[in-house]
Amino acid sequence: MNKELEEDAEIECDLRQFEGYQVKEHLVLTHDDLKAENTELAPDTVKPVHSAASRVENGIFTSVLGRHSWNVVRLEK
């Protein structure tokens with residue numbers, strides 16, 4: 001989760017002890033309007049989208065978490 005309202009967050013994690021793992025999926029839930037909500041008439045106002053911002057190279061995981069976003073990154077061997 002990135003609670004920062006103005007800036008994206010860059011993260012880096014050492015995953016060398018988890019040899020062979022790669023990013024399977026990165027989902028992001030965000031909206032420019034922090035008060036946006038889903039309604040019966042607009043059920044997809046806020047919905048998860050796929051992101052290509054995460055990767056594992058040489059055992060190092062890097063990603064960019066967008067401002068005011070909730071993120072799920074799944075790794076797979």
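Glu 25 forms a salt bridge with Arg 74, and their closest N and O atoms are 2.8 Å apart. Glu 25 lies in strand E2 (residues 22-29) and Arg 74 in strand E6 (residues 70-76), so the pair ties together parts that are 49 residues apart in sequence. A salt bridge here is a side-chain nitrogen of Lys or Arg within 4 Å of a carboxyl oxygen of Asp or Glu. Strands (E, at least two residues) and helices (H or I, at least four) are DSSP runs, numbered from the N terminus. Arg 74 counts as partly exposed, because its relative accessibility is 43%. Buried means under 20% relative accessible area, exposed means over 50%, and partly exposed lies in between (1.4 Å probe, protein chains only).

The model is predicted: local features need pLDDT of at least 70, side-chain atom pairs count only at pLDDT 80 or more, and totals for chains, interfaces and linings use all residues. Residues are numbered from 1 along each chain as its sequence is written, and side-chain values use heavy atoms, with hydrogens and water left out.

Back to the salt bridges. The whole structure holds 5 of them. Another one joins Asp 14 to Arg 16, with the closest N and O atoms 2.4 Å apart. Asp 14 is partly exposed at 35% relative accessibility. Arg 16 is exposed, at 58%. Glu 57 also pairs with Arg 55. There the closest N and O atoms are 3.9 Å apart. Arg 55 is partly exposed, with a relative accessible area of 40%.

Now the aromatic rings. The count comes to 1 aromatic pair. Phe 18 and Tyr 21 make this pair, edge-to-face, with 6.1 Å from centre to centre and 85° between the planes. The rule takes rings of Phe, Tyr and Trp (its six-membered ring) whose centres lie within 6.5 Å; planes under 30 degrees apart count as stacked, over 60 as edge-to-face, and the rest as tilted. Phe 18 is partly exposed at 43% relative accessibility. Tyr 21 is partly exposed too, with a relative accessible area of 29%.

Next comes surface charge. Glu 4, Glu 6, Glu 7, Asp 8 and Glu 10 gather in a patch of negative charge on the surface. Patches are made of residues with over 30% relative accessible area and no salt bridge; like charges are joined within 9 Å, and nonpolar side chains (Val, Leu, Ile, Met, Phe, Trp, Tyr) within 5 Å. Asp and Glu count as negative, Lys and Arg as positive, while His and the chain ends are not counted. Glu 4 sits in the segment before strand E1 (9-14). Its relative accessibility is 37%, so Glu 4 counts as partly exposed.

Strand E1 also holds Ala 9. Ala 9 is partly exposed, with a relative accessible area of 23%. Ala 9 and Leu 75 are 66 residues apart along the chain, and their C-alpha atoms are separated by 19 Å. Glu 10, from the charged patch, has its C-alpha atom 13 Å from that of Ile 60, 50 residues away along the chain. Ile 60 lies in strand E5. Ile 60 is partly exposed, at 24% relative accessible area.

Asn 58 has a phi near 55°, a positive value in a residue other than glycine. Asn 58 belongs to the loop between strand E4 (55-57) and strand E5 (60-65). Asn 58 is exposed, at 76% relative accessibility. His 68 has a phi near 35°, again a positive value in a residue other than glycine. His 68 is found in the loop between E5 and E6. His 68 is buried, with a relative accessible area of 12%.

His 50 is in strand E3 (residues 49-50). His 50 counts as exposed, at 62% relative accessibility. Asp 32 lies in the loop between E2 and E3. Asp 32 is exposed, with a relative accessible area of 65%. The C-alpha atoms of Asp 32 and Ser 69 are separated by 9.7 Å, and the two residues are 37 apart along the chain.

Technical notes
Areas by Shrake-Rupley, 256 points an atom, 1.4 Å probe, with all protein chains shown as cover. Charge placed at Lys NZ, Arg CZ, Asp CG, Glu CD.
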